[in-house]
Amino acid sequence: MNALAIARDRHLADYEGFAARLGKEPALVAAIRQQGARAFRRQGLPSRKLENWRYTNLGPLAKLQLGPASPNLQSPATASAGLSLGDSVARRFTLHDGRFAADRETDVTQDEGVEVQGLARLRRTAPEQAARLLSNTPIDEHPFAALNTAFLDDGALVRAPRGIFDERAIQLVVAAGAYPDPRVSHPRVLVVAEPMSHLTLILDFLNEGDGPGFTNAVTELHLAEDAVVQLVILQRERAQHFHIGGVFVHQERGSRFSCHTLSLGGALVRNDLSVQLAGEGAVSRLRGLFVAREGTVADNHTRVDHAVPHCESHELYKGIIGEGGRGVFHGHVIVQPDAQQTLAEQHNLNLLLGEKAEIDSRPQLEINADDVRCSHGSTIGQLDAEALFYLQSRAIDESGAREILTRAFAEEILAELPIPELRTSLEPVVAAELAGLQGN
Amino acid sequence: MSDPQNSEIRGLLDREYAYGFVTDVDEDRIPAGLDEDVVRLISRKKDEPQWLLDWRLKAFNRFLQMLDEETEPTWAKVDYPAIDYQAISYYSAPKPKAELESLGEVDPELLRTYEKLGIPISEQKRLSGVAVDAVFDSVSVATTYKEELEKQGIIFCSFSEAVQRCPEIIQKYLGSVVPYSDNFFATLNSAVFSDGSFAYIPKGVRCPMELSTYFRINAAGTGQFERTLLIADEGSYVSYLEGCTAPMRDENQLHAAVVELVALDDAEIKYSTVQNWYPGDKDGVGGIYNFVTKRGACRGRRSKISWTQVETGSAITWKYPSCILQGDDSVGAFYSVAMTNHRQQADTGTKMLHIGKNTRSTIVSKGISAGHGEQSYRGLVRIGRGAENARNHSQCDSLLLGDRAGAHTFPYLETLNPSAIVEHEATTSKIGEDQLFYCMQRGLSEEDAVSLIVNGFCKEVLRELPMEFAVEAQNLLGLSLEGSVG
């Protein structure tokens, strides 16, 4: 048996133990969990023979002897971790190893606007509602979403009620705890934006330990008519941590969604972002910045499904790959038959900064309607020699010049971040990451 | 953008494939089925040396293994019922009346066939200045201008003849670019290939005329499995053209060819194809399955291979002419226009494998999809670890005519060297209303306006074609398009 199959069986054995520990439970949620386990058993850990995983080697992940994480809500590290944006900018909550812990604001106050609560509580108080919200995960296409579903326990539910416009963003710090041995957690975030609501959500992923570990996250968003959601995903895990994240978005008529994914750390970061444009006039704006360095892999997969006419999608992903790093971009835009008047654009720009840096880019278009405007582009290159020369002629040394140009490359993504405070607090973080990347 | 009820356009919708006739000749064919005896029989008919038979048998065994492992490729975005490889006759040749001494002795029926197709194989037409090797079903029936070419040391003949004349060259290069185990269809071809063209251009020779092969499938229930091998020795140049047609039948016929090109130091090969196999009728009945493996190796420094293809025929096209850029400073190019109408499906593209330093490649792919046509560009650009300063630019545009047509783009860009510059861009749209309006208000009919715009869309590719072919290709595009406007 190969490492992938062994790892699959280990996860399934853990699942049996986990389900037994939970004991008696509302049948609805237990059934969802079982479906997840079955779907994961069927698919296992995907091998590189599968088209969507051909550039992602899960061998190193499979070799980890992962045990289930045991959340410690009093962890002192978590309280101080995460970006500090200030109370007036963002309300902050924490998922520690997938367990919901309200930080600073322990009570869920409805009149405040956007509601944030633990999924475990929802499961107890309104099992039917919980089951309805949790049963849309695409577990048959995404083995790791299936695995997450099998371990469904707690998580965060973010609900923006009808017509609400909350000035303050929601910051959700999703932390993996520090353990002496490798552990896996399965954080889950559910976002429901009701008609005409407006929500800004920051998912701040990090880990506390220096050793290897694995975060297997699932985030689902449902945007009702005319809802506006701005999502920012920060991935700042340390060098030995694995992160696999599925973000599944469903957009109704006239809704607007934007997503910024900043993948700055981790041994392997794999993002699957899937957007379904299911109502006319829906608009999606996807932005990504990924950084890979010696021995690390940043792997981004996006899928935009234009199911109905008159929708727009705009996609821009930028990769910065340092010496010995590897970046992957796979964008897939599908225009269904009859989805006329679609406007879809997809761009992937990559910078290779050192020896043995590798980038694999697959921008794909699948178009089945004729009255559309679709385009994609992908480039791979280096810092412009003339720009470097120019800066040096202005008395900036070479490494300084490289740093300026690399930051400028990243700036296009950062400049579009939704909240100014977020931009200012992230810029030094990104700059520090990029400074470590410069080759010669 | 237009009224689909327009009677003029409607009338054109039913326009038929012009080359769909059948030639009535006696055939020498072997019964349908594939086993080791068939492979031996083909080899015997060709009077082949033992090493070639052994090579075929190796391929045959590998093919059996592939059938067992079910490795027939399914990744392409094409849809067809499973092929029964036992139902195909693997060899069919027009019966020779007698040993051929000159073209005058070629079966007049065959000559008439090529005349109808507009292919100059009779000596009278030598003014056209193209040397032609005509392949009819499984064998080559005639090659023109041989003597003249031989004066310069150029060998241009049928593959079977080359096996007899210069076995050492064949043995050296056969399978060196597309190995017998390369892929499902190439392996089948390696086992049962019957004929094809061979050309060798000696050192420093610039081939004085275009070389051309014209493939014709005539017999029913057969497949065509030809193999082309082209070698351009140091400092030589050759431009090679390939054309194909087949009768209209309501069965699907398999065409699984292999083309291997080798360019040594400073050599240049320009390979052009106008593919017009029978595409099936408008409901998708019949037509050729064109499953072809084409690959060129730029072995030498500063060598250059360019593929130009105009794909208007075939029910299904599965074809990826590729370049292996081994030599330093070598150059690869791929120019393609693919047109799918009615129920045609095409999954085509290229692979550019950069291995040597300072290698460059260009990809220009234009897809036009009309009716229920499905069209995919699938291409790989791979910059190897040692390919310093490699450069690639790809441009893949699709034009959609009709709201049931599909156009898909699947590029793969793999870059392992940080000094590479790789660019890919693609657009998909329909003909702009404003463009049409402009043309029409200048007095063009809608049909002419569309044709003008489509020709403009394809221009970058068409101008790469040799003169004679460019004219033919433009007419073909016009023909294939008619009836799809609206």
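# Exercises on a predicted two-chain model

Strand β22 (residues 391-401) of chain B has 8 buried residues out of 11, so the rest of the structure largely encloses β22(B).

**Exercise 1. Find which strands pair with β22(B), and in which sense.**

Solution. Step 1: take strand β20 (residues 360-370) of chain B. It runs parallel to β22(B), and 11 bridges join the two. One bridge can be located by residue: B:I363 has B:S394 in β22(B) as its partner.

Step 1: take β24(B). Its pairing with β22(B) is also in the parallel sense, over 10 bridges. Here B:L400 has B:K430 in β24(B) as its bridge partner.

Step 2: β22(B) pairs with β20(B) and with β24(B).

**Exercise 2. Describe the side of chain A that touches chain B, and find how a strand of chain A pairs with β24(B).**

Solution. Step 1: count the residues. Chain A gives 31 residues to the contact and chain B gives 30.

Step 1: name the elements on the chain A side. Those that give two or more residues are β20 (358-367) and β21 (373-381) of chain A. The largest share comes from β20(A), with 10 residues.

Step 2: sort the chain A side by class. There are 12 nonpolar, 11 polar and 8 charged residues.

Step 3: look at the strands across the contact. β21(A) pairs with strand β24 (residues 421-430) of chain B in the antiparallel sense, over 7 bridges. Within this pairing, A:H376 stands opposite B:A426.

**Exercise 3. Decide whether helix α8 of chain B is largely enclosed or largely open, and state what covers its buried residues.**

Solution. Step 1: count buried residues.

Step 1: list the buried residues. They are B:F185, B:A186, B:T187, B:L188, B:N189, B:S190, B:A191 and B:V192.

Step 2: find the cover. It includes the chain B elements α2 (36-45), α3 (50-69), β8 (227-232), β11 (258-263) and β13 (287-298).

**Exercise 4. Compare the radius of gyration of chain A with the value for a compact globule.**

Solution. For 440 residues, a compact globule would have a radius of gyration near 22 Å.

Step 1: compare. Chain A has 21 Å, which agrees.

Step 2: Along the principal axes, the C-alpha atoms of chain A fill a box of roughly 70 × 50 × 45 Å. Of its 440 residues, 53% are buried. Chain A holds 10 helices and 21 strands. Taking contacts in chain A between residues at least 6 apart in sequence, 83% join residues at least 24 apart.

Step 3: check the confidence. The average pLDDT of chain A is 90, and 95% of the residues score at least 70. Residues 103-107 of chain A have a pLDDT below 50, and beyond near neighbours in sequence this stretch has 6 contacts in the model. Where pLDDT is low, the predicted coordinates should not be read in detail.

**Exercise 5. State how many residues the largest nonpolar core has, and which have the most contacts inside it.**

Solution. Step 1: the core has 245 residues.

Step 1: the residues with the most contacts inside this core are A:A156, A:L172, A:L201, A:V229, B:L261 and B:I269. The largest share of the core, 7 residues, comes from strand β6 (residues 169-176) of chain A.

Step 2: look around A:A156. Leaving out residues up to four places away in sequence, A:A156 touches A:F93, A:L95, A:F100, A:V116, A:G118, A:L119, A:L172 and A:V189.

**Exercise 6. Locate B:D329 and B:N389, and classify each as buried, partly exposed or exposed.**

Solution. B:D329 is in the loop between β16 (322-325) and β17 (331-340) of chain B. B:N389 is in the loop between β21 (374-383) and β22 of chain B.

Step 1: count neighbours. B:D329 has 18 C-beta neighbours inside 10 Å, so B:D329 counts as partly exposed. B:N389 has 16 other C-beta atoms within 10 Å and is partly exposed.

Step 2: read the backbone angle. Although not a glycine, B:D329 has a positive phi of about 60 degrees. B:N389, also not a glycine, has a positive phi of about 55 degrees.

Terms used:
Residues numbered from 1 in each chain as written. Chains lettered and ligands numbered in written order. Predicted model: local features only at pLDDT ≥ 70, side-chain atom pairs only at ≥ 80, totals over all residues. Contact = placed C-beta atoms within 7 Å. Helix = DSSP H or I, 4+ residues; strand = E, 2+ residues; numbered from the N terminus. Nonpolar A, V, L, I, M, F, W, Y, C, P; charged D, E, K, R; others polar. Pairing = 2+ DSSP bridges. Buried ≥ 20, exposed ≤ 12 C-beta atoms within 10 Å, placed from the backbone. Rg over C-alpha atoms; globule rule 2.2 N^0.38 Å. pLDDT = per-residue confidence, 0-100. Core = buried A, V, L, I, M, F, W, Y, C linked by C-beta atoms within 7 Å.
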